[in-house]
Amino acid sequence: KVTIKGIERELICPACKELFTHPLILPCQHNVCHKCVKEILFAFEDSFADGGSESSNQSSPRIKISSSSMDRIDRISRSGRKRNSLTPRSSLFPCPGCQRDIDLGERGINGLFRNFTLETIVERYRQAARAAIAIMCDFCKPPPQESTKSCMDCSASYCNECFKIHHPWGTVKAQHEYVGPTTNFRPKILMCPEHEMERVNMYCEICRRPVCHLCKLGGSHANHRVTTMSTAYKTLKEKLSKDIEYLISKESQVKAHITQLDLLLKETECNSERAKEEASHSFEKLSHVLEEKKSAALRAIEASKNLRLEKLQTQAEEYQGLLENNGLVGYAQEVLKETDPSCFVQTAKQLHVRIQKATESLKSFRPAAETTFEDFVVDVAKQEEILGDLSFHSNGLEIPEINEEQSRMYNKALISWECPGKTDSADIYVLEYHKLNREEESVTWQETEVCSKSKVISDLDDDSSYVFRVRGYKGSICSPWSREVTLRTPPAPVFSFLFDDKCGYNSERLLLNPRRTSVESRAGFPLLLGSERMQVGCYTTLDYIIGDTGIAKGKHFWAFHVEAYSYLVKVGVVSSNKIQKLFHNTHDMTSPRYEQDSGHDSGSEDAFCDSSQPFTLVTLGMKKFFIPTTPAAPKDPASRILPLPSCLGICLDCDKGKVGFYDAGCMKCLYECEVDCSGIMYPAFALMGGAAVHLEEAVTAKYGEYHDNI
């Protein structure tokens, strides 16, 4: 037998902290009052319009949303989502139970089930709590009588007389179901919230909720695994009964844990007081050091002030003596009255020297001391930054490390990090970054909070270097900052395109993936037959493919990966007025006669790079990057061969008529040349033998979340 008063904790709504009223079951299986769900969604809506959560929280005094929930409301409102209607068809709901953002689906609140079982238990608790308070008849004339029964079909309570009047014998109402006095009226049949005229008769094992046959036939549960309601009822009841029996059998163990937890509570209280004392002592030491520094600084300023005042006062008195009938001038005037030459000369010689010095000082007046105290300005910028980072450091909290291999810069920045150890992982991370500028003395870090171990950052400047660092937080404890990592953005905005499967595409020797982001040359039977027909000097042919989007103006950048096993790949750009010539070029056969560095046929190198070429391409293959032969290129062939980067980038500047080839990992330019951009320019690729090229995938907002889940 369960004591109703002992389960009060399970009957409290996590939002309003009161007993449940018409609780709804969320997709995360937590229960929240119907009114609380609406108020939280209204607060959600107001936060989008007002740009803050304070006003919306004040407008709903009944609801008590936690600070973390309000932080999530602020975060989602800052992300720029549009304000929905008062009953949104698709809305996110910050569950106060699990602190996660729950998608309520297309129907929003209307798609949630009402938890009638929980309602019944709450009603029993209310009756036990107010046993002395009777439920009155709803139909008696004043004064109403105490009810004796409640009709579940009429959803009303009656005294004996009123029940007989409203449920006469021999009528349909006489067949109504009645129970003892209650205020909790629940329907006899649970109806589907999506199909209001259909009763639920199945249980979806994927979504863990009752569904009707229409939901299974063509609704959102069409491909889900379902079972009959009776089977689900039997299975869940057996599991719940077994689990309850197990917990009851472990009552002594539970009591031992409770005793241990009571001791831990007391120990926590003592340890927290000790930690407070240590923290207070640490801050008192800092305060004492600051007071000493303050006193020393004030003493130094006071001593300098007194010395300067003394010098200025002496100088003022000297100049006062230069006035008529005063000081030095007055004394000299008296000496001039002497008529005895010998006596006058004896006194006037020294006096004349003093008068000359006074005259010179008068011509070049300079104060004896400075009035400013610029030398006594205390620079506390660095100390302020250190004090701003003052927090609880834990030796057990691992220092996160930014993973430079998984982090990348493209259309956006994807920053990933990991913790070396498994213990005491952080609850939240703070990622800071700033643009690297050698001219600026002070650095302003931009900060963002992240719940996962990766973050996508937008709106970074092109052709710029950024410094990143991250630290972890577990409650009020934080780890030290990670090692700073510098990454460089592409030299121009990222250009998006797919491989063109129509213009010149050779489906016999080239294979495109369905998304048209990867191309592979197949050294198969058609290529073998083509080589067999050419008996003299032909090794194979180059198969060309271009991008499906062209560039008419501006500066653009794109990146791609070349598989390490690739034998020969050429990459670059081609003009629209030379595309036909590209695909029908008579010199597309790689033979000794036309091989660029074969040594056959004098002048072949110059012919290969002259203006008649319909494209500007560089050669890649066998894990090497080959700088084309030009007058400005190094004469030594070995110095023209570089290791092939894992990711290669191309930057086309139509306005300046230049194309550059980059190591997209560090955004370093490997080779740059001029190109004729008179027509529309297309990305161009050529493959021979076994080779493959994969276009770089754009970084999206969900990219980091996806890889973090993996």
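I551 lies in the loop that connects strand 25 (543-546) with strand 26 (555-562); helices (H or I, at least four residues) and strands (E, at least two) are DSSP runs numbered from the N terminus. The model is a predicted one, in which local features need pLDDT of at least 70 and side-chain atom pairs count only at pLDDT 80 or more, while totals for chains, interfaces and linings use all residues. Residues are numbered from 1 along each chain as its sequence is written, and side-chain values use heavy atoms, with hydrogens and water left out.

I551 counts as buried because its relative accessibility is 2%, where buried means under 20% relative accessible area, exposed over 50% and partly exposed in between (1.4 Å probe, protein chains only). Leaving aside residues up to four places away in sequence, I551 touches F495, H556, W558, L652, C654, G679, I680 and M681, a contact being heavy atoms within 4.5 Å. Of these, C654 is 103 residues from I551 in sequence, yet their C-alpha atoms are 8.0 Å apart.

Strand 15 (residues 413-418) is largely enclosed by the rest of the structure, because five of its six residues are buried. Strands pair if DSSP finds at least two bridges between them. Strand 15 runs antiparallel to strand 13 (residues 401-402), with two bridges, and here I402 faces W417. Two bridges also link strand 15 to strand 14 (residues 408-409), again antiparallel; M409 has A413 as its bridge partner, and a hairpin of three residues joins the two strands. With strand 18 (residues 454-457), strand 15 forms four bridges in antiparallel fashion, and I415 is opposite K455.
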